[in-house]
Amino acid sequence: MNVLHPNPQFRRAEWVSLDGKWKFAFDDKKVGDKERWYDSFPESQTINVPFTYETKASGINQQEHHETVWYERTIVIDDTKKHPIVHFEGVDYEAFIYVNGNLATIHQGGYHGFSVDVTDFVTTGENKLTVKVKDSKDCAQPRGKQRWHDENFGCWYVQTTGIWKSVWLEYVNESYLNHAKITPLFDAQQVAIEVETKGIPLTADGYKIVASIQFDDKVINELTANIIDNAASLTGSVLERLDPWTMKVWSPENPNLYDLTLKLYHHDELLDEIQSYFGMRKISIEGNRILLNNRELYQRLILDQGYWEESDLTPPSVAALEEDIDKILALGYNGVRKHQKVEDSRFLYLADKKGLLVWLEVGSTYGFSDKAVRNFTHEWLEIVKQNYNHPSVITWVPFNESWGIGDIHHDKQQQAFTESIYHLTKAYDRNRPVITNDGWEHTISDIITLHDYEEYGALLASRYKDSDKLMSNGIQFNKGFYAFAEGYPYKGQPILISEFGGIAFQTEEGWGYGNQVKDEEAFFKRFEDIHHAVQDLEYVCGYCYTQLTDVQQEVNGLLTIDRKPKVSVEKVRQVNTRRL
């Protein structure tokens, strides 16, 4: 996993992967703090980071829940560098980071990354990096498809505990670049860049940021701004010689990416340099249609939970991520709904590079409380910030099927929660659509999305024939749900069928939706019928089929969990591209 930088959108030339072998210990008796394991690690086994102890890839392969686990490894600090920073892309759920026995930071949230400046705790040469992780079965914790019972049930699978994404080390000067927000201004043919820095005294002057925009190794524009209060804003053209025909547009057909170099200077001294990229694309809504780059977009999405047989939620390699995207495109889909998971940053980079549209969704909580609201809100805002720059990400999906908001149909407090998340998301990102409660019982939402696993195309077509009745809560679907929560009217938004299908074979051990089919012929009869029913609904502007791969006991994938096609790829592609 360390050939490609763990965060391709914010990469320094020099970095050190900390993936690989770490010491590992369970702390079922909760004695680690009392016995100061951060000073003297106990007799332990070895784990292969970033794979969690529940997986075969970790080398441990135990599926029982352990609330507290510990990790430790040696890191070597170069004496020519000043500020070593350790980056964790994902630790589930609460992480305590110790360096040479000193507590450096505490972090909560499994779906977003964090960084630790360890300068004050290290010396030149070998140093101890110790990580304690606490995970729970608490339903106020955003957990997605991770089970909170001892065994798998329904569509919930083995939990993910501890470090499950890459860890790496970078060196920076005392003043350095911390974050960049990149916004394509498509109609103006410009890009806006907001930069955050760290370590610059608020009263200091002479600090500046220089942004160089390139395409195919050719410099298109160079922008400069002074740093004030550890921040700067830059806006500039992406055109060559101001020629309006030279903007390179990002789309699934032509996923053009501009390269971006950000340099931090103090007077003429270069303090930090970051390599990034961006795509010039626009996602918008006009009436009941979704537009990409001011042209109508019909979305052919597939639901993808991102599980692998040997490694569960952690991708086994960059090649495995690329294989998934290539197979999604080969099946005739133009996008993916990443379900109940924030995928590895390298997946989103490859989606940017290959032109795959992405709906980004977070793992749900499963109980409504003040604690759940706090946990979810904090983590969701970090997720939006960290994934904002990807042109492939075209839709935010904070809620799914009333999970964690089970009484939203009539409960005003839960309704207000979804409204607040909608508006907070819009406060940071005014451009992308936000779906509040994907599937049913929408409150305010830019797109109305419906889940329906009806197995007969004729019944599906009949149910959705009268859109006015459907959108006025005159029709129940998918076991008694309505399109809207009480008090929320339809306001002409676009409509998608964002979950349907889920066909499994009788020969498979596990479950799918509806009756399992006996062979490939029966599969395609049902597959074609339900797709034609959805595709022929003129008011519907896309769909999302369940699902790409089998996941543990859920065997309704087009591919097995080890990515072998279960049916003809070409026939699936023909059905998906019928409207083209």
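1. The side chain of W250 reaches the backbone oxygen of D352 at 2.8 Å. This is a polar contact, meaning a pair of N or O atoms within 3.5 Å; within protein, one must be able to donate a hydrogen and the other to accept it, and residues adjacent in sequence count only if both atoms are side-chain atoms. W250 sits in the loop between β17 and β18; helices (H or I, at least four residues) and strands (E, at least two) are DSSP runs, numbered from the N terminus. With a relative accessible area of 0%, W250 is buried. Buried means under 20% relative accessible area, exposed over 50%, and partly exposed in between (1.4 Å probe, protein chains only). Between the C-alpha atoms of W250 and K282 there are 8.8 Å in space, and the two are 32 residues apart in sequence.

2. The model is predicted, so local features need pLDDT of at least 70 and side-chain atom pairs count only at pLDDT 80 or more, while totals for chains, interfaces and linings use all residues. Residues are numbered from 1 along each chain as its sequence is written, and side-chain values use heavy atoms, with hydrogens and water left out.

3. The loop between β17 (231-237) and β18 (258-266) also holds L242. L242 is exposed, at a relative accessible area of 65%. Its C-alpha atom is separated by 52 Å from that of R463, 221 residues apart along the chain.

4. Helix α1 covers residues 318-330, and its 13 residues should span 18 Å at 1.5 Å a residue; the end C-alpha atoms are 18 Å apart, which agrees. The expected span is 1.5 Å times one less than the number of residues. The buried residues in α1 are V318, A320, L321, D324, I325 and I328. They pack against β23 (299-304), β24 (335-338) and α2 (345-354), where contact means heavy atoms within 4.5 Å. At the start of α1, the backbone nitrogen of A319 has a side-chain oxygen of S317 within 3.4 Å. Just after the helix, G332 has a positive phi of about 95 degrees.

5. Two nonpolar cores deserve mention. Such a core is a set of buried Ala, Val, Leu, Ile, Met, Phe, Trp, Tyr and Cys residues joined through side-chain atoms within 4.5 Å. The largest has 99 residues, of which Y333, L450, F523, F527 and L558 touch the most other members. Helix α7 (residues 520-535) gives the largest share of this core, 6 residues. Another core, of 31 residues, lies apart from it and includes I193, M247, Y258 and I274.

6. The whole structure contains 34 salt bridges, each a side-chain nitrogen of Lys or Arg within 4 Å of a carboxyl oxygen of Asp or Glu. One of them joins R337 and D438 at 3.1 Å, N to O. R337 is in strand β24 and D438 in the loop between α4 (412-428) and β27 (448-451), so the pair links distant parts of the chain, 101 residues apart. Both R337 and D438 are buried.

7. D446 and K426 form another salt bridge, with the closest N and O atoms 2.9 Å apart. Because D446 lies in the loop between α4 and β27 and K426 in helix α4, the pair ties together parts that are 20 residues apart in sequence. D446 counts as buried at 14% relative accessibility, and K426 as partly exposed at 21%.

8. For C139 the nearest cysteine sulfur is that of C155, 13 Å away. C139 is partly exposed at 22%, whereas C155 counts as buried at 12% relative accessibility.

9. Most residues other than glycine have a negative phi, and most peptide bonds are trans. The peptide bond from D92 to Y93 is cis, with omega near 20 degrees, and the bond from T546 to Q547 is cis with omega near 0 degrees. H267, which is not a glycine, has a positive phi near 55 degrees. Q340, also not a glycine, has a positive phi of about 60 degrees; Q340 is in the loop between β24 and α2 and is buried at 2%.

Terms used:
A disulfide is a pair of cysteine sulfur atoms within 2.5 Å.
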